[in-house]
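Please open the model in your viewer and keep a selection panel at hand. The stops below are meant to be taken in order, each with something to select and something to look for.

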Amino acid sequence: MLTPLSNTLKGVVNFTWPMIIISVVIIVSLRITYLLKNKTRFILYKELLALSFIIYILCLFQVVTFQDTVSWSSNNFIPFREMFRYHIGSRLFIKNVLGNVLLFLPFGFFCSYYLDVKKAYIPAILTLVASISIECVQMAIGRVFDIDDIMLNIAGGLLGYLMYYLIVRIGNSFPKVFQSEWFLNLLSIILLIGCFTLI
């Protein structure tokens with residue numbers, strides 16, 4: 001079950017890596033210049049989170065606007081019609097159902113982190129707005145509008161909120177040393193290395 005998901009993630013990376021490299025170089029150089037010019041303190045884990053969010057949004061844009069022209073009849077306005085077409089555990093189920101959930105998990109997490117939300121409805125509404133705009137643009141550029149994608153994206157956004165909520169709850173119960181800046185910087189480096197290893 002994890003192999004199709006791993007292949008899908010590798011496919012996204014293979015498709016977006018040129019944009020990722022160019023964006024990282026531009027964003028990092030602008031950010032370093034800003035920090036030096038304004039004599040602002042550099043906090044590694046916060047900078048990596050901000051960079052990750054920007055890269056995620058850029059990758060999301062590239063993935064959802066990739067052209068694969070289809071006919072109007074392929075659009076789905078009936079809830080649950082598409083997601084029940086696939087056998088659980090099949091490659092298409094993982095790509096189309098789990099993929100749409102996982103695609104918006106980071107969105108829910110980052111929205112919750114940057115807005116410091118306490119209620120799930122805020123990331124749910126933001127995910128709904130983003131997902132509807134994506135589906136409408138996809139329909140306008142010759143891709144498919146799918147109501148099931150919107151529902152799955154909202155589920156992913158809510159999972160991202162839940163992940164943020166659990167990290168905050170668990171993190172607040174840890175000793176102060178695990179909440180310190182140096183520990184969070186170290187943890188962010190380990191996670192970054194882990195992400196590159198998975199790719």
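Predicted model: local features only at pLDDT ≥ 70, side-chain atom pairs only at ≥ 80, totals over all residues.

The chain averages a pLDDT of 87, and 91% of the residues score at least 70. If you then select helix 1, residues 2-37, you are looking at the part where confidence is lowest, with a mean of 82, whereas helix 4, residues 121-140, is where confidence is highest, at 95.

With helix 2 still selected, show the side chains of its buried residues, which are Tyr45, Glu47, Leu48, Leu51, Ile55, Tyr56, Cys59, Leu60 and Val64.

Which residues make up the largest nonpolar core? Select Tyr56, Leu60, Val64, Phe104, Phe107, Phe109, Phe110, Cys111, Ala130, Ile134 and Tyr164, and you have its 11 residues on screen. Helix 2, helix 3 (91-115) and helix 4 each supply at least two residues of this core, and helix 3 gives the most, with 5 residues. As background, nonpolar side chains tend to be buried together in soluble globular proteins.

Stay with Phe110 for a moment and display its surroundings. Once residues up to four places away in sequence are set aside, Phe110 touches Leu49, Ser52, Phe53 and Tyr56. A second, separate core has 7 residues, and among them are Met83, Tyr86, Phe93 and Ile94.

Now turn to charged side chains; a search of the whole structure finds 4 salt bridges. Select Arg41 and Glu181, whose side chains meet in a salt bridge at 2.8 Å, N to O. Arg41 lies in the loop between helix 1 and helix 2 and Glu181 lies in helix 6, so the pair ties together parts that are 140 residues apart in sequence. Arg41 is exposed, with a relative accessible area of 54%, while Glu181 counts as partly exposed at 28%.

Move on to Glu82 and Arg85, where the side chains meet in a salt bridge at 2.6 Å, N to O. Is Glu82 buried or exposed? At 14% relative accessibility Glu82 counts as buried, because the cut-off for that class is under 20%; Arg85, by contrast, is exposed, with a relative accessible area of 54%.

A further pair to select is Lys118 and Asp116, which form a salt bridge with their closest N and O atoms 3.3 Å apart. Lys118 is exposed at a relative accessible area of 58%, and Asp116 is partly exposed at 44%.

Two single residues remain. Select Gln138, which lies in helix 4 and is buried, with a relative accessible area of 6%. Leaving aside neighbours within four places in sequence, Gln138 is in contact with Val64, Arg143 and Val144, and Val64 is one of the residues of the largest nonpolar core.

Finally, select Phe178 in the loop between helix 5 (147-173) and helix 6 (181-198). Phe178 is partly exposed, with a relative accessible area of 38%, and, neighbours within four places in sequence aside, it is in contact with Phe183 and Leu184.

Conventions:
Residues numbered from 1 in each chain as written. Heavy atoms only, no water. Buried < 20%, exposed > 50% of the residue type's maximum accessible area, 1.4 Å probe, protein only. Helix = DSSP H or I, 4+ residues; strand = E, 2+ residues; numbered from the N terminus. pLDDT = per-residue confidence, 0-100. Core = buried A, V, L, I, M, F, W, Y, C linked by side-chain atoms within 4.5 Å. Contact = heavy atoms within 4.5 Å.
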